[in-house]
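Let's take a walk through this protein together. Have the sequence and the 3D view ready, and follow along piece by piece.

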Amino acid sequence: MKKQTCIPVLIILLQSACLLLFAEGETVSFNINQAIDTALKNNREFILTGKEISIAEKNLKLMYRNFLPEINLGYSEYTSVSYWNPDSREKKISIELKQRIYEKGRLSSAVKIMKKETALGRFEITQQLEDFIFELISSYVDLLRIKIEIDISNDAVESAYLQLKIAEKEKELGEITEVDLLEMELAVTGMDEDLQNLYLEEKKIIFEFSRLLELPSGLYPELEGKINPDYNGFLDKSIDYYIENSARSSSTIKELMLSLEKAENEYRLASDKFPEVSAAGSFFIAGDNFPLTEKGFSISLSLSFNNPGIPSSITGTAGSENPNERSRSLTAETSPFGGLENLYLKQSAEASLKRREYELRSFFLNNEFEIRELFSEIESGVKELGLLRRKLKVSERKAEIEKLQLSLGEIKRIDFIENGIAFVKEKIRLLDSVSALYRKEIRLLRLCGIINIKDTAGFIIR
């Protein structure tokens with residue numbers, strides 16, 4: 001019988017070890033809102049990402065400058081020595097303006113795309129923030145859940161050891177056999193193992209929760225609140241509402257639509273056969289000495305043809321170097337067999353466009369299917385909770401009757417212990433089902449891009 005008395009002592013020592021793991025540190029109390037605020041305050045990732053998006057938005061504003069003419073200011077000195085003519089020491093100050101007249105809409109498309117990319121980046125930060133808050137709430141709920149499960153299991157283990165002690169006396173009196181006692185020992189030992197697994201799980205959840213809050217080493221979180229025992233889900237909209245909301249607010253759909261728009265622009269540019277047109281004009285004053293008095297100007301118009309195999313350009317220029325001179329020129333250039341890498345650019349752009357269209361259409365179908373499947377699982381989860389609660393009430397009544405039967409000797413003690421184990425598992429299953437239902441509901445909201453996950457914590461945490 002010495003073996004039996006050592007087992008409760010071992011449990012107490014293991015439980016004490018779990019508590020002493022954090023005894024050296026200081027405990028800090030959190031409710032769910034304080035935990036979320038602390039985690040967001042300590043998370044540098046979102047702060048840095050927000051700054052990057054702000055810089056991108058500023059760069060977007062600078063892009064509008066590209067619609068205006070490009071201005072170049074210049075100053076040069078040119079010295080020339082000739083044997084039979086006077087030396088020349090020309091100085092020149094110039095101002096040049098360049099303007100894109102037609103560039104196939106590349107600039108306006110780039111601005112439009114960049115504007116949508118920055119908006120999507122800002123939206124994705126919000127979505128990542130919501131995912132982080134959900135992860136934190138889930139960890140908070142898990143920690144509350146595991147504490148309840150440990151309390152339930154502890155009570156059950158204490159009750160089982162009490163029955164085991166009584167069984168030892170019964171064995172001494174010859175009322176039960178050695179086999180009966182061994183069966184009870186095995187059952188109680190199994191309960192011990194389950195309880196220690198719960199302690200290990202609690203330790204892991206505590207570490208994960210502390211990581212999310214980025215708590216300094218030595219701080220042990222103590223959580224306020226309890227899991228709502230009557231939680232039965234909080235979604236109150238029809239499935240069509242979530243499907244429609246997903247089409248508007250899903251970050252993945254927004255990304256796919258942006259990729260489709262980029263592919264459409266690439267196809268349009270590859271199909272456009274018109275040349276790009278740009279113009280330039282310059283004015284300068286020159287002379288050997290200051291003040292400079294010789295005035296001149298030039299204007300030019302350029303056409304650029306990006307045809308694969310024969311890329312070419314034509315530039316016409318007119319101007320004057322001094323008041324007594326006028327000039328004009330026409331320059332044409334081509335590069336035979338140049339730009340062959342763009343020979344199949346249109347076909348490639350068309351294939352990319354069709355792929356993006358297919359990806360978007362396929363995602364719409366798959367996303368709707370996933371939402372419908374998840375919605376069905378949520379409905380089943382609500383029904384399961386109702387059945388589990390009804391079953392638990394019956395089990396509670398049954399446990400009271402079995403306790404009376406045990407005192408009257410109508411059932412075996414081993415049966416009473418095993419039924420108690422089953423009753424504990426039913427309680428734990430109910431808690432697990434509550435947590436699972438909440439997770440599925442939040443997952444549905446995330447699929448639809450719905451925000452304000454923080455507000456949902458009040459439904460499951462009281």
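**A sheet and some helices**

Start with the open sheet: 6 strands line up in the order 2-3-5-6-7-8, with antiparallel pairing. Strands here are DSSP runs of E with at least two residues, helices are runs of H or I with at least four, and both are numbered from the N terminus. Two strands pair if DSSP finds at least two bridges between them. At the edges sit strand 2 (70-80) and strand 8 (327-334), each pairing on one side only.

Before going on, note that this is a predicted model: local features need pLDDT of at least 70, side-chain atom pairs count only at pLDDT 80 or more, and totals for chains, interfaces and linings use all residues. Residues are numbered from 1 along each chain as its sequence is written, and side-chain values use heavy atoms, leaving out hydrogens and water.

Now zoom in on strand 5 (residues 276-287) and strand 6 (residues 294-305): they run antiparallel, joined by 11 bridges. Look for S282, which stands opposite S298 in strand 6.

Finally, find helix 4 (residues 106-173) and helix 9 (residues 413-447), which pack at about 175° with axes 10 Å apart. Axes are lines fitted to C-alpha atoms, for helices over the stretch in contact, and angles run from 0 to 180 degrees between N-to-C directions. Helix 4 and helix 9 are therefore roughly antiparallel (angles over 145 degrees count as such).

Definitions and conventions:
Parallel < 35°, antiparallel > 145°, perpendicular 65-115°, else oblique.
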